[in-house]
Structure formats: C-alpha cells, structure tokens
Amino acid sequence: MGVLTPQYLRDAPLVRRRIRLFFANGESADEVLLDFFERQSQGGPRGAEAVWALATKHCLRRVRDSDRRDLLVSPLPSDSWAAQSGAGEAPGMRALAHGWRSESPVMLEVLVYAEVDGMSASQIADVMGKPRGWVADLVRARSSTLGA
Amino acid sequence: MNSRLARDGHLLDLDVDALLRGELSLEHRNDVEGHALACISCRRRVDKGDDDYRSPLPPLKASAGLTPQPAEPAVPTGSPAGRRTVSWKEFSKPQNESRPPKPATTEKSTPVDWKRQAPTLLLLAGVLVVIIFMSSSGDDTSAQEVSRAPSTFSLRVYREREGSPERLLDSSTARIGDRLDFEVSTPKSAPLLIFSTNGQGEVKQIFPKSGVVALEMASGNQPVPGSLTLSGGPGVERIIALSCPEGMVIAEATALAGGVPESGKTPSIWPDCDQSIVRLKTLL
C-alpha cells in the first residue's frame, strides 16, 4: 500500500514540475520524484525556494549519473520560462546543451538557474544561499570562456 | 528574493510555484498576480501550474514517510500546502464568472406554514435551552478546545537527563556538550527562526538549519526539527526564537542578536516579530 505524508503532499507538486524540465513525463519522472522523497524524508517544513533548489540538485545528479547526452527534455514543457522565452536558442543555453557534462556540479547548477530559468545573480545567490559576488564571478567566468 | 521577474521580464518558474503554494509575501504576491493578470503567456503558465498542483500524485513507498497515512493508488493533491484555500483560477476569474448564475424564475417563494412547523420549532428551542444550560455549568467542550491553542508565542528548551527530557528555563545552567532540543508554541502559522548566540557573538542557526529566510511553522505546540549541542567556553548562550511576517531574512534578524542582555528583561528587539528567548549559563 502506498503512503502519503504532509511533506509529500505539500512539496511533491513543485518537485514534479521541476522534474519535468529534465525528465519526460511518465514512469521515469515518477521514479525520480519518489527517489527524491526517499532521500528527503527527514527534516522540517521547507519553503518553495529550498525545495526548488533541492529538486534542481536532485535532477542534475540523476541526469549526470545517467548515460544520456541531453541535459533537458525536448521539447521543453510549454509552461516553463525557458520555453516561453525561447531561451533554448540563446548562445549560453546552446553551449550548455552541448558542454554540460564538462561543468562542475556547482557551476552546472548556477548555469541552469541563469540560462534555463533566466535568474539574475542576486536571485541565484538567494536560492543557493551563497554570496551574490560569488555567483556573479562564476557567471562572468563562464561568459568570458564562451566569448574566447 | 530580490526582483521577482526573470531577465526578460516574465515570471520565474520558482515564483509560479511560490504563488501556487501561497508562500509569497503580500507585496510580492501582488506583483506576481498583477503580472500574471496582465501577461497572457504568464497567466497560461500559472493556469497550467494550478492544474499540475491538482493532478494525482503517485503514492510514496512505505519506507519514505514520516507520518504515513493510507493512500489510494492515485492521490489528488487538492490543497497541498494546506494554506492555499482559493485556487489561482478562482482568483483570476472575473467576479461574475466565479458565481453560479441565478436560476431564471418568476415563482414567488412558498410561505411558511407555521402551524405545521410548530413541533419542530419547539424541539429546536428545547435543544437551545439545553445548550445554554450546559454552557453556564462550565462543562463546555468547545471552550476546552480553545484553551488548548497557545495564546502566546514561546520557546521551550530541553536537555536529556538520565533518559528523560529536562526543561531548561531562562537563566538555567547547562554544561558544554549538553544536547538541547526545542519546542515552540505558536498561536498562528508564521515563519519561524531559531538561532543561538554566545558571548563571542558566534551565531548558530537551529531552525531552519540553512537558507536565507525563515520557514513557515504551523500553529500549535510542536517539537522543532533541529537540535543544538553546546560548545565553546563558559558564558551565556542566548537561544532566540522569532515568529515573524513572511520574508524575514535570517541574516538581518541574527545581526540584531547582540542587543539581547545576559539576564533580565529583554526589550523588543525585532519590532515586527514575536520573540521568545532562553538564556543559559554555560559551564565546562
């Protein structure tokens, strides 16, 4: 028999929406969702920002552990910012799509927030709990690499 | 967070979720809702998100939950955050759409037949008299229910002593190495922050363990996830619990902790928050 917990009922819709950016709907997305809650069953209530960041990290870890080539699903979910803004055609996003495996986990997380979610350095710093300057330096370093 | 829009001026995915979970501060919610009402594509995204929040979830495996409840194989999420009582779609619909149309009728209402209804009315009056009598005799269960809800915000600190929890009141003595656990009583759901600071100004975040803003805690008496092991040298450890409006930034709150005296009455240091402080004299 399956079970529900208050945490699951509260957080699963958000986590599932985040997962859909990285995993196609269906069994694999559900499996990633359940795996997330097996790992995150301890701890008190968390706000949307914290759950969203944890879900992003979880998806990136799962994608990295797989043998797939693409970082994101194609086509992107129609209700995502990336699909709405046409971010898939932006140079930063194209570079990320091809070179994401060579990025460190932290850099990859920052780049996803910047390129896939359209967040500013301040917004990324808030979500990751890091200083704004630290995020800005990473984004700047990446931009100069792309420009070289 | 800072600006609530993505770099192209549309809503962030994160903010769509925060809106649907009912977690935005009033000011940010007004901004996000205002944008969604004015921007067709963002409005569609919020509508789609609202559908997502209502669609069934797969059940968890039995090992994954803290407080399991039996579930059917597919579970409609309904109001997942427990706080979102009005759906986005209900909110965003024009007022005349959200109400069912009145039936088109010209019939007059049926007059009440008082003679036929008299026995029922007498019975209702009798029940009312009994209820009033029970209220005045002090055997009022609803009053007991009310008394269970805490009327003020307070923090309780415990340490384990010979296998059972011992409550430490303000100005108690504790030893370095003691592990402390916490409970809060809060009359209303509100973001909670608990942290400690010692004489050297060192701040330890207890709840939430990390992050930049305080996290919502439901009303009532409840244990706090998170503990503190006293460390460092002898002195006074101030354990501070704050129940604040949404959006309280933790770093801003902890920066004011130096104003808490080592003993005696503490002035209201966080004017927008309810505060409860326990100071412990720490010995080696």
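This is a short exchange about a few local features of a predicted model.

Trainee: Why is Pro75(A) called exposed?

Mentor: Pro75(A) has 9 C-beta neighbours inside 10 Å. The cut-off for exposed is 12 or fewer, so Pro75(A) counts as exposed.

Trainee: Where does Pro75(A) lie?

Mentor: In chain A, Pro75(A) sits in the loop between helix 3 (48-65) and helix 4 (81-85).

Trainee: What makes strand 6 of chain B mostly covered?

Mentor: Strand 6 of chain B spans residues 190-197, and seven of its eight residues are buried. A residue is buried if 20 or more other C-beta atoms lie within 10 Å of its own.

Trainee: How do you know that strand 6 of chain B and strand 8 of chain B pair?

Mentor: Pairing requires at least two bridges. Strand 6 of chain B and strand 8 (residues 215-217) of chain B have three bridges, in the antiparallel sense, so they pair. In one of these, Pro191(B) has Glu216(B) as its bridge partner.

Trainee: What makes strand 11 of chain B a partner of strand 6 of chain B?

Mentor: Strand 11 (residues 235-243) of chain B is joined to strand 6 of chain B by six antiparallel bridges, and at least two are needed. Here Thr197(B) stands opposite Arg238(B).

Trainee: How many bridges link strand 6 of chain B to strand 7 of chain B?

Mentor: Four, again antiparallel, with strand 7 covering residues 203-207. In strand 7 of chain B, Val203(B) is the bridge partner of Thr197(B). Five residues lie between the strands of this hairpin, where Gly201(B) takes a positive phi near 80°.

Definitions and conventions:
Residues numbered from 1 in each chain as written. Chains lettered and ligands numbered in written order. Predicted model: local features only at pLDDT ≥ 70, side-chain atom pairs only at ≥ 80, totals over all residues. Helix = DSSP H or I, 4+ residues; strand = E, 2+ residues; numbered from the N terminus.
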